[in-house]
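Colleague: I am new to this structure and would like to learn how to read it one feature at a time. Could you show me the model and take me through it?

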Amino acid sequence: MNKIKSAGFTLVEIMIVITILVTLSAITYSIAVPNWRARSHYVASVAELNAIGNAVQLYVGTNNDYPADVSRGILPVGLGPLLQKDGMNGSWPTPPYPGAVYDYDYTDSPERIVQVSLRYCDAGDTATCKKNFPREDFVTDAWDSNSSIYYCIKGPCRAHFSQPAEHPGYCINCGNKARVY
């Protein structure tokens with residue numbers, strides 16, 4: 001009597017293939033998802049900095065001057081209604097990075113600098129900053145509590161207006177090539 005050979009896979013072969021696929025999926029997920037999350041934080045912060053920068057420029061168009069400088073984390077007077085127009089609730093958005101705050105900087109000394117920055121900790125608290133910095137190629141070991149991602153509105157912008165132009169930071173709108181120090 002001739003045996004008819006089955007053309008399908010055995011249950012053991014199917015289980016081995018499923019186990020391999022699940023293992024590969026778990027490895028891929030554990031590597032890729034943290035990178036996607038970090039990248040989404042960066043993209044969200046760039047979008048929010050752009051919206052805030054646009055609100056400042058609308059303010060200038062209405063008031064013929066820039067809002068006065070305020071402390072870190074405080075929204076300049078008059079920007080609230082303009083931020084509502086950008087889909088925000090009239091206040092600083094909650095930054096995507098834990099412990100971070102948005103900061104509006106305006107100074108006329110020695111040159112006029114107007115910018116909006118995303119700061120990762122309180123001034124002088126570099127230890128906390130190191131934990132909060134984005135995982136991006138532009139962040140180096142030289143970053144400290146005065147480093148930031150910033151949106152330049154006017155003047156020779158920098159990571160913090162009290163620091164030299166070469167201080168580590170990242171400008172998101174400085175021409176075709178972002179300024180990285």
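Modeller: We can begin with a definition: rings of Phe, Tyr and Trp, the last by its six-membered ring, count as a pair if their centres lie within 6.5 Å. In this predicted model, Tyr42, Tyr97, Tyr120, Phe133, Phe138, Trp143 and Tyr170 form one aromatic cluster, and the structure holds ten aromatic pairs.

Colleague: Are Tyr97 and Tyr120 buried or exposed, and which aromatic pair do Tyr120 and Phe133 form?

Modeller: Tyr97 and Tyr120 are both buried. Tyr120 and Phe133 form an edge-to-face pair, with 5.6 Å from centre to centre and 85° between the planes. Phe133 lies in the loop between α3 and β3 (148-154) and Tyr120 in the loop between β2 and α3, so this pair ties together parts that are 13 residues apart in sequence. Phe133, like Tyr120, is buried.

Colleague: Turning to the strands, how do β1 and β2 run?

Modeller: In a regular strand the side chains alternate between the two faces of the sheet. Here β1 and β2 run antiparallel and are joined by seven bridges, forming a hairpin with five residues between the two strands. Tyr104 stands opposite Val116 in β2, and β1 is mostly covered, with six of its seven residues buried.

Colleague: Which residues form a nonpolar patch on the surface?

Modeller: Phe9, Leu11, Ile14, Met15, Ile18 and Val22 form that patch, and together they have about 640 Å² of accessible area. One of them, Met15, is found in helix α1 (residues 11-63), and at 44% relative accessibility Met15 counts as partly exposed, a class that lies between the 20% and 50% limits.

Colleague: Where does Asn64 lie, and what is its phi?

Modeller: Asn64 lies in the loop between α1 and α2 and has a positive phi of about 60°, although it is not a glycine. With 68% relative accessibility, Asn64 counts as exposed.

Methods
Residues numbered from 1 in each chain as written. Predicted model: local features only at pLDDT ≥ 70, side-chain atom pairs only at ≥ 80, totals over all residues. Heavy atoms only, no water. Phe/Tyr/Trp six-rings, centres within 6.5 Å; stacked < 30°, edge-to-face > 60°. Buried < 20%, exposed > 50% of the residue type's maximum accessible area, 1.4 Å probe, protein only. Helix = DSSP H or I, 4+ residues; strand = E, 2+ residues; numbered from the N terminus. Patch = residues over 30% accessible without salt bridge, like charges linked within 9 Å, V, L, I, M, F, W, Y side chains within 5 Å. Areas by Shrake-Rupley, 256 points an atom, 1.4 Å probe, with all protein chains shown as cover. Salt bridge = Lys/Arg side-chain N within 4 Å of Asp/Glu carboxyl O. Pairing = 2+ DSSP bridges.
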